[in-house]
Amino acid sequence: MKAATGMEHLHIISVLVENKSGVLARVAGLFSRRGFNIYSLAVAPTDDKRFSRITAVVDLDSAPLEQIIMQLDKLINVVSIDELAPSDAIETELLLATVKSDNDIRGQIIQLVGVFEGKIVDVGIASLTVMLAGHPSKLDDFEELIRPYGIVDIQRTGRVALSRL
Amino acid sequence: MQITGAHALVKSLEMEGVEVVFGMPGGAILPVYDPMLDTSIRHILVRHEQGAGHAAEGYAHATGRPGVAIVTSGPAATNIVTALADAYMDSIPLVVITGQVARPFIGTDAFQESDTTGITMGVTKHNWLVTDPNEIPEVVAAAFYIATTGRPGPVLIDLPKDVSNAMMEWHWPESVDELDLPGYHPATTVDQDIIEQAVDLICDSERPVMYVGGGVIKSNASDELLELAEMTGIPVVTTLMARSAFPSAHPLSLGMPGMHGNYTAVTAMQRSDLLIDLGARFDDRVTGRVDAFAPEAKVIHVDIDPAELGKIRRPDVAICGDCKPVIEELIHGLKKRGISGGIDDGNSKVESRRDISSWLSTIYEWQERYPLIYHQSKEGELLKPQMVIETLRELTPDDTILVTGVGQHQMWASMFWKFKMPRTFVTSGGLGTMGFAVPAAIGAKVGHPERMVWAIDGDGCFQMTAQELVTAAAEGIPVKIAILNNAYLGMVRQWQELFYDERYSEVYLSPDLPDYVKWAEAMGCVGMRVDSPNDVAPVIEKANSIDDRPVVIDFRTDAFEKVYPMVPAGASNDDIILFPGQEDYALGVQEAGSSDNVAGSKDEAGAGGAGMTEAGGKDEAGAGGAGTTEAGEGKVESR
Ligand SMILES: Cc1ncc(C[n+]2csc(CCOP(=O)(O)OP(=O)(O)O)c2C)c(N)n1
Ligand SMILES: [Mg+2]
């Protein structure tokens, strides 16, 4: 896999925040006013309803990781921050894509989805919608391979991650 | 006991020990102003909400206690944003309470609605939109706790009108442990190992400098700083935010570093092999070009905010903690190594430590050679601003609180005032807010009614918030304002003169529009004007004798005067530009000069030195010695 290619400047941080209104705005506002770039951001509730977890992939070309963490930690509603070095993290992401698929190429696309262990979730006359979950780099590869067929629409969730046990 | 949310707010302020609030009522905050009638908390009615914010800042700066302001929603909330931003930059503890439209109206573009928490998110340490009246006591307690602990800063509570009107069951949190703040843990203890590492670096340094910032003031650590300086003989520079942290007349005081720092302070840092940063944050106004700043120095950085450690300059030893206990630990650690004498005790001969005496001699030479200087005005010329400041200082008590606006007058005040006690200098540093002085002086005077409070203000700045003198007159707050009226936005004029080929664009004001004396009188103050050097002292003395009203003095000062030394923006501190002609004095070229019209200031010596900048290209350079008229006319005199 070409997992890390060109991605060394990206780092995952997992931020446990209080589940209060405006928290996401505080985090996003901090990133923008300090000039930290976010590559992707995912927010979800946790098993404790007082807290939510923000998983952000940050661009270390824009600021040192330590500064990003220190500044985030100053937000009163930020409870804790885990930095996940790509090598220590289990990362996963979800992709949904609608791809052009005339009769003659439909088979090829279905085969590709099979190889990547994805799923066909919708079929139209001239297009297919596929779903794929997995490591973001795997999604990158898949995206590249289906691009020549003609992507009508694509959505990715941004990665979520937990540290390895 | 069931009471309204508004009443709960006022009671909560009482529980926090609040003595005074600055504010102005309006629709959304009306419910809060009713119980204000029945409380012992003093309310000072300002004429503009920005004034309430700066007054609260002045109060906090001067007393160390949090300043409190109450204003209504919408335009009042936006009016106070500048003060919040100012307090955020300078780490001033403020609690600002804003009214908000009733909950059902939020988000409907209701009358005087503004997204106050959204607008102020980036300029507060934290803010709250209160949606349940039962939360009011906890929110107020958390607000004061957060504003005053860790790195202090402003917080804001946005209170919808219907929450103020609703009933709640009164209660008060017994301790901060009851507050739901799982993400707030201000720094506490310091690791002994790290202190030892710092002590090692200190003992191993030959050219150490203490780089002291506002954190020392906030932490009330001036006594500890003095002890540390005297026991080690390490010289001290104090940034704009820390000017009053160390006595100006002390032999180890080098004065202010940075863009308008004096030669010795700037150069000592540049040549240093160890910077001991105590509560300073490597601001760009201090460092100049960062990659050329103090290139040989190792750094010990003490800051209560961990995010400051390594933000600009990577420290060799990073200590996250409050300056006072950390300095105490350092003193303790140094004593254990046998370092305990004074500067004259030759403790630098202690075996465990390198000798710094030749470094001190070098520094004293610089001080002798490059004092802060200016030319006295000649017959018929306008006043020299520096002379006004020095005279004012001579005629006021040591505990006088000096407040400034932003511009040339601020820099001169910082350079030429002789500080003796902490918390006697109140200025807008990080944000550089014109209009700060008058309201901040009012706040400082409210906090210390027994002390003299003088503002040195610019004519431009004064016009931004002068209306608060009506507040001062009405409330019996006898502040004194010295306007250094150079008829210009002087600092901007200086940049246009030096860096834009004297193309003056929109910087001329006017010496007599407005008429400051009449304006002062119209606001219930005493107004006086001074245009002759001989009148400076008598008029100041007259002002000092007036204690029943505010006083405004319009000092007519020389617009051609520029603030020197200067490191052009973006340049290296090695490229410091001296007072025109000073290099010549320093080299003794002008010994024969006959006139004695050059004033010098020996304490916290001087400027100059690294050679007049050669025009190194770009628009930032080329200012060296662009001197005006009388360069090289007299010889340097110390006094
Ligand atoms: C609110 C605000 N607007 C503009 C500026 C930019 N600025 C910095 S100093 C200055 C001139 C100040 O003039 P004055 O008060 O007369 O002081 P002087 O420099 O003449 O002593 C200006 C316009 C500022 N710092 N703050
Ligand atoms: Mg002016």
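**Tour of the chain A sheet and its helices**

Begin by selecting the four strands of chain A that form an open sheet in the order β2-β3-β1-β4, with antiparallel pairing; strands are DSSP runs of E of at least two residues, and helices are runs of H or I of at least four, numbered from the N terminus. Two strands count as paired if DSSP finds at least two bridges between them. The model is predicted: local features need pLDDT of at least 70, side-chain atom pairs count only at pLDDT 80 or more, and totals for chains, interfaces and linings use all residues. Residues are numbered from 1 along each chain as its sequence is written, chains are lettered from A in the order in which they are written, and side-chain values use heavy atoms, without hydrogens and water.

Next, colour β2 and β4 (78-84) of chain A, the edge strands, each of which pairs on one side only.

Select A:L16 to find its bridge partner in β4(A), A:S80.

Move to helix α1 of chain A, residues 23-34. Show the side chains of A:V23, A:R26, A:V27, A:L30 and A:F31, which are buried (under 20% relative accessible area, with a 1.4 Å probe and protein chains only). Viewed down the axis of α1(A), the buried residues fall within an arc of 130° (directions from the helix axis to the C-beta atoms), so they line one face of the helix. These residues pack against β1 (10-18), β2 (37-45), β3 (51-59) and α2 (65-74) of chain A, together with β6 (126-129) of chain B; contact means heavy atoms within 4.5 Å.

Finish at A:G35, which follows α1(A) and has a positive phi, near 70°.

Conventions
The expected span of a helix is 1.5 Å times one less than its number of residues. Buried means under 20% relative accessible area, exposed over 50%, partly exposed in between (1.4 Å probe, protein chains only).
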